[in-house]
Amino acid sequence: MEIIKNVKEMQKKASQAKKQGKKICFVPTMGFFHEGHITLMREGRKLADILAISIFVNPTQFSQGEDLDVYPRDLKGDIEKIKDIGVDWVFAPSASEMYPEGFQSYVIVEKVTRNLCGKFRPGHFRGVATICLKLFNIIKPDLAVFGEKDFQQLVTIKQMVKDLNLDLKVIGIPTVREKDGLAMSSRNIYLTPNERKKALAIFRSLKEANEMFKKGERKAIPIIKHVREILEKENGISIDYVQICDINTIEDIDKIDKKALLAVAVRIGSARLIDNIILGRD
Ligand code: AMP
């Protein structure tokens, strides 16, 4: 496993590998690894000759007043956690390496970023799309692996890849959860033990919604209402959104006549947590 911090060096390595006909799979991350990240890497490992990952807390995807300065970072611990996975390259640049003075080009993916987190985190998906395109240009992957936990992000990257003709396959991996159902997230570290207990209401509400769907409910409004009721019962949870959307366009839908995304974002203490399930998938 090589740790590379320099863009030119990373680009050179990737170019050499491509010339040798090697297939590269890439997993972008912000570090502070949990089993969700590790699962993406294990899947990625199966798919190519070279497994590259990045660890970079991307400043442009944080809005004003968000948690950029306190976002958990532990490069040494991360390297230790992945030493048996078979990662070939860890690209871990500094912010000034990725955004040198004078940087001024951004990618805007339009419609699919307007709803859900796009409404609450202005500029977030512009930052995500921009850093991903930069990383794709540096690492030159044939495949890139993303988690469904950040479903709107996955759809945004797929849309960018399609629209900008990137020669790259994007793969989505189902959300990895703790035993009690909480979706794994680097941000769970912000939760106190009491807040963590309250956070279990998120997955509970998604599961109950799925039961309603399985029993035949096809209207979005009653399902959303039920999810909100469960979340509102917990003191200290404040809801950003509970919405049911088309899985490709991320537009709201009223009637669920094919697979649909039920997405939730809440604030608990200092943490903002997101989660989702796909209604009609199983
Ligand atoms: P992050 O470091 O949080 O930016 O996440 C890096 C990648 O891991 C993204 O593609 C996320 O969607 C994915 N990811 C984060 N948490 C999970 C999870 N619990 N299950 C599956 N993938 C995840």
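Ala, Val, Leu, Ile, Met, Phe, Trp, Tyr, Cys and Pro are counted here as nonpolar, Asp, Glu, Lys and Arg as charged, and the others, Gly among them, as polar. With this division, the shell of residues around the ligand in this predicted model comprises eight nonpolar, eight polar and two charged residues. Altogether 18 residues surround the ligand, and the closest of them are Met30, His37, Asp150, Val176 and Met184.

Several elements of secondary structure contribute to this shell, and strand 2, helix 2 (35-47) and strand 5 each provide at least two of its residues. The most is given by helix 2, which supplies three residues. On the side-chain part, a polar atom of His37 is placed 2.8 Å from an oxygen atom of the ligand. On the backbone part, an N or O atom of Gly147 lies 2.9 Å from a ligand oxygen atom, while a polar backbone atom of Val176 is found 2.8 Å from a nitrogen atom of the ligand. Of the 480 Å² of accessible area that the ligand has on its own, the protein covers 94%.

The strands named above belong to an open sheet of six strands, arranged in the order 1-4-3-2-5-6 and paired in the parallel sense. At its edges stand strand 1 (2-4) and strand 6 (169-173), each of which pairs on one side only. From one strand to the next, the twist of this sheet averages 25 degrees. The pairing of strand 1 with strand 4 (residues 89-91) is parallel and extends over three bridges, and within this pair Ile3 stands opposite Val90 of strand 4. Helix 1 (residues 7-19) packs on the sheet, where it touches strand 1, strand 2 (24-29), strand 3 (50-55) and strand 4, and its direction makes about 145 degrees with that of strand 4. Helix 6 (residues 124-139) also packs on the sheet, in contact with strand 2, strand 3, strand 4 and strand 5 (143-147), and its direction makes about 145 degrees with that of strand 2.

Beyond strand 6, Thr175 is placed in the loop that leads from this strand to helix 8 (193-214). The side chain of Thr175 reaches the backbone nitrogen of Lys149 at a distance of 3.2 Å. When residues up to four places away in sequence are left out of account, Thr175 touches Glu148, Lys149 and Ala183.

A further open sheet consists of three strands in the order 7-8-9, and its pairing is antiparallel. Strand 7 (237-246) and strand 9 (271-279) form the edges of this sheet and have a single partner strand each, so that one side of each remains without a neighbour in the sheet. The twist here averages 15 degrees from one strand to the next. In general, the strands of a sheet pair through backbone hydrogen bonds, in either a parallel or an antiparallel manner. Helix 9 (residues 220-233) lies across strand 7, strand 8 and strand 9, and runs at about 160 degrees to strand 7.

The loop between helix 9 and strand 7 contains Glu234. Although Glu234 and Ile268 are 34 residues apart along the chain, their C-alpha atoms are separated by 10.0 Å. Contacts of Glu234, not counting residues up to four places away in sequence, are made with Lys198, Ala201 and Arg204.

Key:
Residues are numbered from 1 along each chain as its sequence is written. This is a predicted model: local features need pLDDT of at least 70, side-chain atom pairs count only at pLDDT 80 or more; totals for chains, interfaces and linings use all residues. Side-chain values use heavy atoms; hydrogens and water are left out. Two strands pair if DSSP finds at least two bridges between them. Helices (H or I, at least four residues) and strands (E, at least two) are DSSP runs, numbered from the N terminus. Axes are lines fitted to C-alpha atoms, for helices over the stretch in contact, and angles run from 0 to 180 degrees between N-to-C directions. Contact means heavy atoms within 4.5 Å. A residue is near a molecule or strand if one of its heavy atoms lies within 4 Å of it. A polar contact is a pair of N or O atoms within 3.5 Å; within protein, one must be able to donate a hydrogen and the other to accept it, and residues adjacent in sequence count only if both atoms are side-chain atoms. Accessible areas come from the Shrake-Rupley method with a 1.4 Å probe; for residues, only the protein chains shown count as cover.
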